[in-house]
Amino acid sequence: MWVPTIIVNIAKLDGVYVKYVLAVCAVIFVTIVTSTLGYHAVLLYTYAIAIGSLYFSKTINVLTTISNKINHRLCGQWEKALDICKNSGLGECGFSKL
């Protein structure tokens with residue numbers, strides 16, 4: 001989460017591309033949090049879309065919406081795979097507890 005602060009305040013970058021970088025950083029942040037927290041972070045999917053909508057750009061809105069949809073799909077598949085491993089009797093995906 002410090003990347004946007006470093007880009008804007010410390011590096012003083014001011015190009016057109018900065019808003020795209022900040023939107024992608026928001027999507028990456030949401031991906032990391034939702035993959036670790038799982039179901040408990042469902043509301044966080046709106047964060048990247050809200051950050052993208054601050055720029056009033058249709059391109060950024062479409063970018064963040066599609067990225068979030070892909071993110072939601074991938075994290076959902078990850079959770080299904082973990083549930084299958086846990087329910088198969090292998091323990092934690094084949095690893096024994098120490």
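Mentor: Start with Val8. Leaving out residues up to four places away in sequence, Val8 touches Leu13, Val18 and Leu22. Keep in mind that this is a predicted model. Val8 lies in helix H1, residues 3-10. Its relative accessibility is 35%, so Val8 counts as partly exposed. Take one of its partners, Val18.

Now the helix pair. Two packed helices are described by the angle between their axes and the distance between the axes. The axes of H2 and H3 come within 8 Å and cross at roughly 175°. An angle over 145 degrees counts as roughly antiparallel, and H2 and H3 are therefore roughly antiparallel to each other. From H2, the residues in contact are Ala26, Val27, Phe29, Val30 and Thr34. They meet Tyr45, Tyr47, Ala48 and Ile51 of H3. By class, this contact has 8 nonpolar residues, 1 polar residue and no charged ones.

Next, the core. The largest nonpolar core has 6 residues: Ala26, Val27, Val30, Tyr45, Ala48 and Cys75. H2 gives the most, with 3 residues.

Finish on Tyr45, a member of that core. Again leaving out residues up to four places away in sequence, Tyr45 touches Val30, Thr34, Asn68, Asn71, His72 and Cys75. Two of these partners, Val30 and Cys75, also belong to the core.

Conventions:
Residues numbered from 1 in each chain as written. Predicted model: local features only at pLDDT ≥ 70, side-chain atom pairs only at ≥ 80, totals over all residues. Heavy atoms only, no water. Core = buried A, V, L, I, M, F, W, Y, C linked by side-chain atoms within 4.5 Å. Buried < 20%, exposed > 50% of the residue type's maximum accessible area, 1.4 Å probe, protein only. Helix = DSSP H or I, 4+ residues; strand = E, 2+ residues; numbered from the N terminus. Contact = heavy atoms within 4.5 Å. Axes fitted to C-alpha atoms, helices over the stretch in contact; angles between N-to-C directions. Parallel < 35°, antiparallel > 145°, perpendicular 65-115°, else oblique. Nonpolar A, V, L, I, M, F, W, Y, C, P; charged D, E, K, R; others polar.
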